[in-house]
Structure formats: C-alpha cells, structure tokens
Amino acid sequence: MNIYVLMKRTFDTEEKIVISNGRIEEEGAEFIINPYDEYAIEEAIQLRDEHGGEVTVVTIGSEDAEKQLRTALAMGADKAVLINTEDDVEESDQFTTVKILEAFFDDKEYDLILAGNVAIDQASGQIGPRLAEKLNIPYVTTITNLKIDGDTAHIERDVEGDVEKLDASLPLLVTCQQGLNEPRYPSLPGIMKAKKKPLEELELDDLDLDEDDVEPKTKTIEVFLPPAKEAGKVLEGEIDDQVKELVSLLRNESKVI
Amino acid sequence: MSKKIVVFGEVRDGELRNVSFEAVAAAKLVSEGGEIVAAVFGDGSLEKAAQELIYYGADRVVTVQNETLKTYTSEGYAQAALAVIEDEDPEGIVMGHTAAGKDLTPKLASKLDSGLISDVTSIEVAGGNVVFTRPIYSGKAFEKKIVTDGLIFATVRPNNIAPLERDESRTGEITAKEVEIKDIRTVIKEVLRKSTEGVDLSEAKVVIAGGRGVKSKEGFEPLQELADALGGAVGASRGACDADYCDYSLQIGQTGKVVTPDLYIACGISGAIQHLAGMSNSKVIVAINKDPEANIFNVADYGIVGDLFDVVPKLTEEIKKLKVNA
C-alpha cells in the first residue's frame, strides 16, 4: 500500500501562550508533532507492517519542521517530505495549505492518506476533508478503528460519543481521533536509521505554484489572550454546609442552576 | 452592506439541534439585514423543523427530503448542500461546529474554492468587515479573522452565540427541493449509541467531569447521577481516560473536546494545563478535590476541598431538593 501521512509541527501542549508584537511568540517554545498526527503516523506504520508498502510523511513549513519529520521517520515511516514555504508564503490559511497539498499529490499514487482530525494550534480541522475534495476521493473523519480488506476500509468513527461503523472504498483519506492507537516512542535503533532515510525538500516552484496561486481567502487581524481567570472562593466549614452554600451560590450568585 | 446568508440546520432524531438556531442568529449578524435562507436535510418530514427555523429567525427555508439523507454522510449532504448553494447563490454560509458541521463544511469550502472560518465564538461588524472571533491553542488564546476574498463561510461553536427569541408570529416560505443523490462511496453499516441521556458533551449547559480521583469506571456513577439531576453531560480528564475509567470520547482538554458550558464541575481533576485549555472558558467552574494545592482551584469560581465520593452525592441530593421545591 502507498500510504501518505499529513503532519503538522505544533506547540507542545505544555506551552503557555505569550503574545508579543501582535503575534504568538514562538521563541523558546518547544515543538512537537501534532498529537492527532501521531495517531495517523502510528496507524500508517501498522498498516504498512500488515499489508506491505511504504509510508511517506508530508509537512508544510520551514526547516524547523525537519526535526518532527525525523521523529516520524524514527517511529518507522519510510520517507519524509518537507514543503518549505518559508521564503514564498507570508500569509496562509487552509485554502493555501490545501492548494499546496493538491499540487503535491497531483502526480502521486496513493491508496490511503491519513491526517490528524485537528491540529491543536489552529484547530480548523479543515485540511483532510478539503484535500479529499480536491483529489476527488472519499474521506472519513475522526476515526477510532481502521481495517483494510482489499479495496475496502472497514472503519469506526467517533461521532460526538457515538460510534459509527462504515465501509469506504480506497483510495481514501481518513482523519484520526484519539483512541485509534497508542503512538510508539521512537526506539534508539529507529532514531539511528531515521538519519539515513530520505527527507526530500520541495518549494512552491517545484510544485509549479507561485505565490498568487496560494493567496489565502481569510486573514487573522488580531490575536489576544483570554482574560486571566482569577482564583475564586474556596468554601469552608463542614462538607454538608459547604454543599448547601455551593448550591445557593450557583443558584443566587452565578445563576447557572 | 446586507448579504444573503444560507444556514444549514441539523436535524437529529427528528429534532433540530439547538446550535442550528444559534447558527441562524449568527447568520443574522453576518447578513447585516440581508435575507436568511435556512436549509434542512433528512429522510422524514422536515416541515416542523423548517417551521421552527422560521420562528427562530430564518426568512425562508429549503428542505431536501431523500432517503439517502437519513444519516449524515459527507457525500450525501454535500450534494444536497451544493444544490441549495447553487440555487441561492448566497454571499455567506453558516453552520454549527458539530460533528457534521466539521465534516461537511471543509468539503463545501474546498469545492467552492472559498475560505472557511471554523469554530467561531463571537461575531461583530467592525470597519466594514464581519469579524469572527475563534479560540486557538484550545482556548489558550483567541484570534479575530476576516474574509478577504469570496464567500463569508463560518461554523459556530455550540453554546456561544445566543439564539434569537422564538417568535411564533413569524412566517416564511418553506420550499421542498428535489435533489438526486448519487455516487456515495462511504456506506454506514451501524451506529452504536454510546452518549448518555442524549445530552451531547459539546452542547451541554452543564458538564460534570471526572479525573484520576474518580479511581474506577464505577467511580463515574455518582458523577452521572449529578449530571442527570442537572440535565448535563459527563466528561473526563485525560488521566481518567488513560486509566481506562471511561471512553476517550469523553475527554476534555487540549487533545479531546473543548467545552464552554454555563457550569463545569471538576471532580478529582488536578488541573493540568492541557485540561484547563479544554474547559477554562466555561462560565462558572466548580472544583471538588481532596488536594487543596490542586491547580484546578486556580481557575475555579468555587472550590470545595474534600473527597468527591462524599461531596458529589450530597450535591446531587441538594440539587434534587431544589428541583422538587422549584
């Protein structure tokens, strides 16, 4: 099977967000593979081990994303592709990203494309379905189980807590939800091998695109932090009295019950 | 400048979801006085749902009834939605940011080569632009976005934009549209209902969440009883999910769901930054935890230091008394 994984480099979930000069400060922040994309990488590796074939992990970004690509290779992916847009793309949105990916996949053969169901930074959840539409292949989002049987994928997906079981035909794009698998940690031999695995770097030119083709449709005009939540009132006294006081506060002060 | 906006409503178990009314209210803001055309899809009668959409502010409703639209599929719903969009040629589209909304709208936006601003929590018109506010980094920050080219297309997060007052005196045309739906490449075999009591976590007004302190699967029972008493839903921290006390679909946090209920009661949750990201924009937060140093108390409006297995059942009793007396 020819398997591709769409990966995004994101802030570590531990990071606090700091804004300077109207932008989110990236200096000094730790970056990771978007956690939902880790499920996608793990699933891709397992499917390849079962059915044979090759796993290629693709990301769009700057050279900094090489580190996360190497991690994916160390987990067991076969190849990595960095579409480096650092010099060409100043402003982007999901339209931009998918325009680039569409061009990338134009001459590729694929049975399965996996992505995270959402990235924990921008959280648009748009890239998978948007790309599937452009490639004219079906897609299934928020999957929690995947079995491939010939040209058919047997899938379970999470729909707001319910489980939907469905079949879809390959080629297919899926987006991965928590619960799909337990992503592995790269092993030491894995890390050593990853250094020798191919990591291809492309720019817009290589995809026959120029800046105008990928002009975004939307624009961020401001980024701000929510007002800091202040610690409230810790109740005192006997538990029974605290419970009564709490109910009274919820009813009369904050009026939520 | 007034704009015509199409709203895709969502019917579940024969009823419109509340977020559909919120989407109509959002569309009103985007439209700046223009026409609101709502559309609903399904396999049964949609007359009642259409009427409700009019009571809640839609000017007109288009229904598409087709047996393939019984359950949501991206391909079936996209064909119905695109047929409506083609007829109406709107300047904007709004839908709820639900499982179906998240799945459908990117496909439509891609087909229409348009932008899409998803998971919007507030909308204002400023400086000639419709400005959408949405959380990023799971609510650790927010961004304001505008559309610079083409359709104004957005999904709205449940529970954030208040629906308009229901008004039965409102009238509007309801049109049934025939759409031929074909070439469905995904086939739904079965849907296993797991969500409790029909209250969906992301739409719930009250969320009772449990963490490692719940200690077991059974430990969630008193939380469910409290949720039932308050008409809310049960959620969980990653710790509780990882320990297999509950299903991952209940997880709230940076990985997992982001919720913004009116009332969030955190039981035995320490309050890791990843969890706070998923719930700290709730209107009122109550923390119940044995450890007075737990980080969750730093974001809680009210805290009780105590054993959740002592506190939660007592709280349920008090709530029940209140409901009886009310």
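How many bridges join strand 15 of chain A to strand 18 of chain B? Hi everyone, let's find out together. The answer is 2, and these two strands run parallel.

Before going on, some housekeeping. This is a predicted model, where local features need pLDDT of at least 70 and side-chain atom pairs count only at pLDDT 80 or more, while totals for chains, interfaces and linings use all residues. Residues are numbered from 1 along each chain as its sequence is written, chains are lettered from A and ligands numbered from 1 in the order in which they are written, and side-chain values use heavy atoms, leaving out hydrogens and water. Helices (H or I, at least four residues) and strands (E, at least two) are DSSP runs, numbered from the N terminus.

Angles here run from 0 to 180 degrees between N-to-C directions, with axes fitted as lines to C-alpha atoms, for helices over the stretch in contact. Contact, by the way, means heavy atoms within 4.5 Å.

Helix 6 of chain A (residues 239-253) packs against helix 8 of chain B (residues 308-325) at about 50°, with axes 9 Å apart. That is why we call helix 6 of chain A oblique to helix 8 of chain B: the word covers angles left over once under 35 degrees is roughly parallel, over 145 roughly antiparallel and 65 to 115 roughly perpendicular.

Finally, the whole interface. Chain A gives 78 residues to the contact and chain B gives 88. Between them the chains bury about 7,400 Å², 55% of it on carbon and sulfur atoms; buried area is the accessible area (1.4 Å probe) that two parts lose on being put together, summed over both. On the chain A side, A:Glu160, A:Lys217 and A:Lys229 lose the most area to chain B, together 11% of what that side buries.

Conventions
Pairing = 2+ DSSP bridges.
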